[in-house]
Amino acid sequence: MRLYTHPACLGHDNGPGNPEVAARLTAVLRALDHDRYAALDRVEAPRASREQLLRVHAADHVERMLAAVPEGETRRLDEDTVLSPGSAEAALRAAGAAVAAVDAVLDGGHVRRAFCAVRPPGHHATRESAMGFCLFNNVAVAAAHALAAHGLKRVAIADFDVHHGNGTQDIFWREPRVLFASSHEMPLYPGTGHPDERGEGNILNRPLSAGDGPYLFRELWEGDLLPRLHAFRPQLVLVSAGFDAHQRDPLANLCLGSEDYAWITAKLVELANRHADGRLVSTLEGGYDLAALAASASAHVEALMD
């Protein structure tokens, strides 16, 4: 299994008071700096190319993100989303990690699974705009690369972040080669993710309510989303791995634990093993309590390694 990351991802600065901080990534990397993860093949993430970004983002958006970085200070794009001097490089490496991971698992070599420990996260970034801490949509860039560069016909994206991946949904709304399956809390930011948001029948939104815990989360995936994913027979499984449905997370109200992330990860590995020759790429999204994030990401990676 391969781990992609890059020091530049620590250089994106959202400014004081923003919960999406470099310490999130530091906490994950420290948790993975343990003997039981010694077998991880650790690789420095490359930059995504403009061509790769333009498969899912409008040219104006890409140019704004790369050209509008201020010198010496942060610039607020909206209430949550910020550009700093290090943001462009971090965002290029975050998207590039996901692309490189797709190449690695699809090239016929020994790599079958990969985790991208990167920031900024991506699943709120739409075709036209940055939002919700996200500049480029990393998992969408990866999926589009799998379709365009590798000729895949069926790519599944599983998103268990507590916030709905509205950007991923927006990008693939009319793309039947991509099946997007999401569990998320509702009502909650960004206000999307209703079950009747279906795209071409390739969008599966299954909301949970504040206070819901492991039983309902597992029942939703086991009884609904996972069977739909199996029926799709994906050639590649991508995961938007947000860990903010944890009971300790300050930005949401679900009650999961790290063992629930181990469980859903094992189920997604089973999906990949059955239909995709084991090929699975996961990229970090949310998670804002540092201890909970570290424990949950560790459980996720352990299940990927198993």
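At 1.5 Å a residue, helix α8 (residues 258-275), with 18 residues, should span 26 Å, and its end C-alpha atoms agree, being 26 Å apart. The expected span is 1.5 Å times one less than the number of residues. This is a predicted model, in which local features need pLDDT of at least 70, side-chain atom pairs count only at pLDDT 80 or more, and totals for chains, interfaces and linings use all residues. Residues are numbered from 1 along each chain as its sequence is written, and side-chain values use heavy atoms, leaving out hydrogens and water.

Buried residues (under 20% relative accessible area, 1.4 Å probe, protein chains only) of α8 are Asp260, Tyr261, Trp263, Ile264, Thr265, Leu268, Val269, Leu271 and Ala272. Their cover includes β5 (113-116), β6 (155-159), α7 (214-232), β9 (236-241), β10 (280-284) and α9 (290-305). Just after α8, aspartate 277 has a positive phi of about 55°.

α8 and α9 pack at an angle of about 25°, their axes 8 Å apart. They are therefore roughly parallel to each other (angles under 35 degrees). In contact (heavy atoms within 4.5 Å), Ser258, Tyr261, Ala262, Thr265, Ala266 and Val269 of α8 meet Ala295, Ser296, Ala299, His300, Ala303 and Leu304 of α9.

Helix α4 (residues 87-106) and helix α5 (residues 138-150) pack at an angle of about 40°, with axes 9 Å apart.

Conventions: Axes fitted to C-alpha atoms, helices over the stretch in contact; angles between N-to-C directions. Helix = DSSP H or I, 4+ residues; strand = E, 2+ residues; numbered from the N terminus. Buried < 20%, exposed > 50% of the residue type's maximum accessible area, 1.4 Å probe, protein only. Parallel < 35°, antiparallel > 145°, perpendicular 65-115°, else oblique.
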